[in-house]
Amino acid sequence: MLNIDGFAYNNRLRHVHPLEKAGFAMITMFLCLGFSLPVISYLVIILMAAAIVGCAGIPLKIYLKLMSLPFTFLLIGALTIAVSVTTQGVDAGWLAGITVSGITVGLTYNGLATAGGLFCKSLGAVSCLYFLSLTTPAVEMTAVMRKLKIPSLFIELTDLVYRFIFVMLETADDIYISQSSRWGYASLKTSMKSLGQMTAALFVKALHRSRMLFIALSSRGYTGQINVLAPEYTVSVNNIILIAVIESTLLITAVLLEVGKIG
Amino acid sequence: MADYILEAENLNYAYPDGTQALRNLCIQIPKGRKTAVLGSNGAGKSTLFLHFNGILKPQSGTVRFDGKEIRYDRKPLLELRKNVGIVFQDPDSQLFSASVYQEISFGPLNLGLPEQTVRDRVEQAMTATGINELKDKPTHMLSYGQKKRVTIADILAMEPQALICDEPTAWLDPKYAKQTVQLFNEISRNGTTIILSTHDVNLAYSWADYIVILSDGRVIGEGTPDSIFTNDDLIRGADLEKPWLVDVYEILAERGCIAANMPLPRDKEDLLKLMDCHDKSGGEQENYDYSTVGNARRERNKLSARCKGL
Ligand SMILES: Nc1ncnc2c1ncn2[C@@H]1O[C@H](COP(=O)(O)OP(=O)(O)O)[C@@H](O)[C@H]1O
Ligand SMILES: [Mg+2]
């Protein structure tokens, strides 16, 4: 998670308008989810891999590692869909199966196809989200949300939570170092005790910090709403045309394939 | 126009847990000058500052800004906070946004300024504090010194008449501390009153025009740096030390290496000039002036020669 955050601030697409990146990721994701042909999912996966590794300059190794995180999770999910259970017995649609006392458990062609389709679709959608989170820092995402007129309470919370995750982590790190330098994690028993104490300390610190933050905000004229300005980004006509071309190509391909399948 | 920008009279404040933080405190901060509030830990410096900004309300006594008593209603409070800005000691408690730019824009936006003015002010504040190249960095990736600069830019962007800084040089390395002090000098040049708290007597001595010493919630001494730091009882009573310059000067004067009853040297160069001048006139200078500059290297040689002779 932290690694993703680091890349978000340091990639070749950092200075592209966040709305353009968000638009690209979201439209592609909807296309991927909207069309059921696996080919579209493959196309989206390849497109996003090219955008992330090729355009944004995220190392391929890192990207593969990130993709492998949902991979296993999705595989397990897809397997449960692939497996069918019936009391009707095995017919031509079955690939393999075992029957025990009238109940058949096994794989059907249809089930396998659904699972495969779902798997690719999810992976495609995930790669769209990865594109967004690897190229766009959280603060710029909230700037986009502000532009899209999402309720300010939600945006303020996102901003504050994001900021204080790091403050918390730093504090936890300091406490951990100070504990372990005094043998706080030498055995299982002391580890449990140290962890408990750290949690309590973190809670107290969080409370203290929120009070200090409120004071600091108030001293700058806070009256219940956090108003901020995002830096101005330049809209690139080229990028918008490029995105439009890619998305419409994807859409036309999808429609043609879909029509071809029905016809 | 009052001569004092901030005044407190018979201020008493106790925290909810019963700690009496301020006791009948009286203070007057001269307008447009550089004031240092000195005091050991727990003397009440931070508590006093929170009163200047209307965050804390005195249990008894009054606080005045620009000659007028502070009113604790919404409107006048906002007006006060526009004019008196505080840079807090811990930057992690002040920085609420992960974006440096958003962070700095918060204060001026609250003043109800138009967007373009706010953007101009954010740029100016970033230039003044030298953090332009941090604009695209998230606050959690900044060093302590950089965070400190962002918190100063936060307040500068509001263009307050008085800028209060709570322990600005604590935890800073000497280089950053020096840059920060220079920054304050620049800010002070356009008429902004600067108040900072510290327990670094050397910093207070060479930087401030006016010094207030706080101890146990009371003001136990105030005045020019010269008058404060030649008062041995006062320094001891506040658990402080003498600045090394005053110390060295007094020792040298005692040993006759330097003329006594001179204006105290404010920095190392002043001290060297004093010694140099003493040499030339054979110890009989009347109208002494620090601007009689000699060759820097020669002065240094003389100093080392003198030190050997001590
Ligand atoms: N939030 C608080 N609750 C209770 N006591 C406090 C609080 N903040 C400060 N104090 C106490 O008030 C006194 C003055 O503190 P402070 O103004 O922070 O001193 P300084 O800034 O000079 O170190 C100290 O004794 C301190 O322990
Ligand atoms: Mg303090």
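Helices here are DSSP runs of H or I with at least four residues, numbered from the N terminus. The model described is a predicted one.

**A residue in a helix**

B:Q182 lies in helix α7 of chain B, which covers residues 174–189. Is B:Q182 buried, partly exposed or exposed? Its relative accessible area is 43%. Buried means under 20% and exposed means over 50%, with partly exposed in between, so B:Q182 counts as partly exposed. In sequence, B:Q182 is 142 residues away from B:S40. In space, the C-alpha atoms of B:Q182 and B:S40 are 24 Å apart.

**The sheet of chain B**

Chain B has an open sheet of six strands, ordered β6-β7-β8-β3-β9-β10, with mixed pairing. The edges are taken by β6 (84–87) and β10 (218–223) of chain B. Each of these two has a single partner strand, so one side of each has no neighbour in the sheet. On average, neighbouring strands of the sheet are turned by 20 degrees against each other, with direction ignored.

In one of the bridges, B:V84 is partnered by B:A162 of β7(B).

| Helix of chain B | Residues | Strands touched | Angle with the direction of β6(B) |
|---|---|---|---|
| α2 | residues 74–83 | β6 and β7 of chain B | about 60 degrees |
| α6 | residues 144–156 | β6 and β7 of chain B | about 170 degrees |

**Chain A as a whole**

Chain A contains nine helices and three strands. Read from the N terminus, its elements follow the order α-α-α-α-β-β-β-α-α-α-α-α. For the 263 residues of chain A the globule rule gives 18 Å, but the radius of gyration is 25 Å, well over that value, so chain A is more spread out than a compact globule. Along the principal axes, the C-alpha atoms of chain A fill a box of roughly 70 × 60 × 35 Å.

Of the 263 residues in chain A, 39% are buried. The accessible surface of chain A is about 14,900 Å², and carbon and sulfur atoms account for 73% of it. Among contacts in chain A between residues at least 6 apart in sequence, residues at least 24 apart are joined in 68%.

How values were computed. Residues are numbered from 1 along each chain as its sequence is written. Chains are lettered from A and ligands numbered from 1 in the order in which they are written. This is a predicted model: local features need pLDDT of at least 70, side-chain atom pairs count only at pLDDT 80 or more; totals for chains, interfaces and linings use all residues. Side-chain values use heavy atoms; hydrogens and water are left out. Two strands pair if DSSP finds at least two bridges between them. Axes are lines fitted to C-alpha atoms, for helices over the stretch in contact, and angles run from 0 to 180 degrees between N-to-C directions. Contact means heavy atoms within 4.5 Å. Buried means under 20% relative accessible area, exposed over 50%, partly exposed in between (1.4 Å probe, protein chains only). The radius of gyration is taken over C-alpha atoms; the globule rule is 2.2 Å times the number of residues to the power 0.38. Accessible areas come from the Shrake-Rupley method with a 1.4 Å probe; for residues, only the protein chains shown count as cover.
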